[in-house]
Structure formats: C-alpha cells, structure tokens
Amino acid sequence: MSVRLPATLAALVLLAGCSGTAPTKTAAPATAAPVAAAATPADDNLNAVAWSQTAIEHDLIYLQTYRDAQSRLLSALADKQWDALPKDDRLAPAKGLKPAVVLDIDETVLDNSPYQARLIKSGGEYNEADWAAWCNEQRARALPGVVEFTQFAAAHGVAVLYISNRAKDLDQVTLANLRKAGLPVSGPEAFLGLGTFVEDCEQIGTEKGCRRQLISHKYRVLMQFGDQIGDFVTVLANNAAGRQKAMAPYLDWIGTRWFVLPNPTYGAWEPALFNNDWTAPRDERRRQKIQSLRFD
C-alpha cells in the first residue's frame, strides 16, 4: 500500500532535493491495524422468519389451503357421517350435533412473525413474558385466506372454534385480536386455551386431546387446521418415529378433513431433533440439528 504524504511535506522534500542536500528520512505514518470484523452469531431462525414474511410462496400456500378447504366445506356439511375428530377424541356420537371447524391460532390463523423477528434482532429466545407482551399488543395479522374461509363457514351455520396453546388468561386479548383481524368468534367457548379445564381428562403438557374431547360432546367437526401435528392428534412420543406413528392412521384425511400449514420458525418438530432437551446450550442444540440432516 502506498502512503500519501501531505502537500506541505511533499513540497519540503522537493526543495531539499533541488538544493543537493540529501533529504532527511521521514518515518511513514503508522497505519492503523485492520479492525477484525465482529463475528455474526448464527441464528437458525433468520431464513425461516425471512421466508415467512417476504416469500410470496408462503402466502400462496395459505391461500391455496384455505380456498381448497372452502371448496370442500359444503359437501362435508351435507354428509352427516363426516367427522374430522380422531377416534380417541370422539367421545360422543357426532350425529345431530352442531357443525364446526376447529383451527389452531398461531401461524395457522394469526401471523406472529414480528415476534420472531424481534427475537432475531435481540439475539434472544422465546420466553413467556415477552410472548404475553406481544399477545397483549393485539397486532398479529390474519394469514392469507383464513378470513374468507372462516367467514364463509360462519355464514353457512358452521361454528368457528379455536384451540390454542396460548395461555387461557390471554383469552380476552386473543379474541380481541381475532376480531380486529376480521375473524368470526362463535360465542364464549370459541377460544380453548392452554389450561382449559376438562372434567375427567388429564392434559399432558401442551397436548390438545382433552380440548378436542370437550368439543366432541357439542360439535360435529367438519375440518381441522394447524401448523403442528399436535393440532390434530395426540403425539405420545415426540421423535421421528413417534410423530410418524401418530399420523399414520390419518394420512387419507390430509387435504380433506385435516389441513396442515407450514411453520419453519418453531414447533414440536424442532425439539424432536435434540431429544426435547431445551436445557441444552444453544450451540449443542444446533449441533444436534445439523447431525439430523441428510447429506445424500
């Protein structure tokens, strides 16, 4: 690298050369040591959240799913034998019960990607306090196609019910957010959050089976929607084999009774890759996730 001399110093050097006197050597100014670029910590969620927020493919999948469901809803309504609850959750005969559709909320009905984006920006991870604060903002937007589908269902006498793993004490802010987003709310029992009491049923963790059983006494369920397989059926073992086993009896229902939506940002699929051990350090969880990848 050449060193550029100030103009006055250059002039003095030139004059000294003309006088025949050897110029005094001037030490070149010291160059600053290059500053090492700060290491950017890897965030496994960056691409997932960026895709969810910016890729038109994301929106098209939601539109496609809800439009397809809407095109099938009236035939399901007309078929009095049609039911979308798994056999373990159907505790009362469906005949003569009021029809309903059952939807998960987060990443099925409402878009919470801004919350995930905030975690990426801060370098943090999910925690209940920040999540509750986000829910209280009531700013989550409806995902593409869901408003049209649920309004169509409600207009045809089909109850719209939401089974969510949002805590039960977030019921009022969640219902308010749903209404703001244009989604119908079918009565006070429309929101069944985590912690909903179901008599004679022991809820395991965040599983939704007890709440589906509660619905089974009052409704014939035409369709279910979710971004996790636990939104449809109880998963006894959250590993690859257990997840496949839970879904195996119901593969024919996908796209007719059950509609599964994409969520690369979070879900039970992720801890299944590191033995469900959230206490493991972040780097260790990441190492195990990389180990789970296929390379051929």
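A disulfide is taken here as a pair of cysteine sulfur atoms within 2.5 Å. By this rule, the count for the structure comes to 1 disulfide. The structure is a predicted model, in which local features need pLDDT of at least 70 and side-chain atom pairs count only at pLDDT 80 or more, whereas totals for chains, interfaces and linings use all residues. Residues are numbered from 1 along each chain as its sequence is written, and side-chain values use heavy atoms, with hydrogens and water left out.

The disulfide links C201 and C210, with an S to S distance of 2.0 Å. Its torsion about the S-S bond is about -85°, so the disulfide of C201 and C210 is left-handed. Accessibility was classed as buried (under 20% relative accessible area), exposed (over 50%) or partly exposed (in between), with a 1.4 Å probe and protein chains only. C201 counts as partly exposed because its relative accessibility is 22%, while C210 is buried at 6%. C135 is also buried, with a relative accessible area of 1%.

Helices were assigned as DSSP runs (H or I, at least four residues), numbered from the N terminus. Helix α2 (residues 46-54) packs with helix α4 (residues 113-122) at an angle of about 145°, the axes lying 10 Å apart; axes are lines fitted to C-alpha atoms over the stretch in contact, and angles run from 0 to 180 degrees between N-to-C directions. In contact, defined as heavy atoms within 4.5 Å, L46, V49 and Q53 of α2 meet S113, P114, Q116, A117 and I120 of α4.

Note on methods:
Helices (H or I, at least four residues) and strands (E, at least two) are DSSP runs, numbered from the N terminus.
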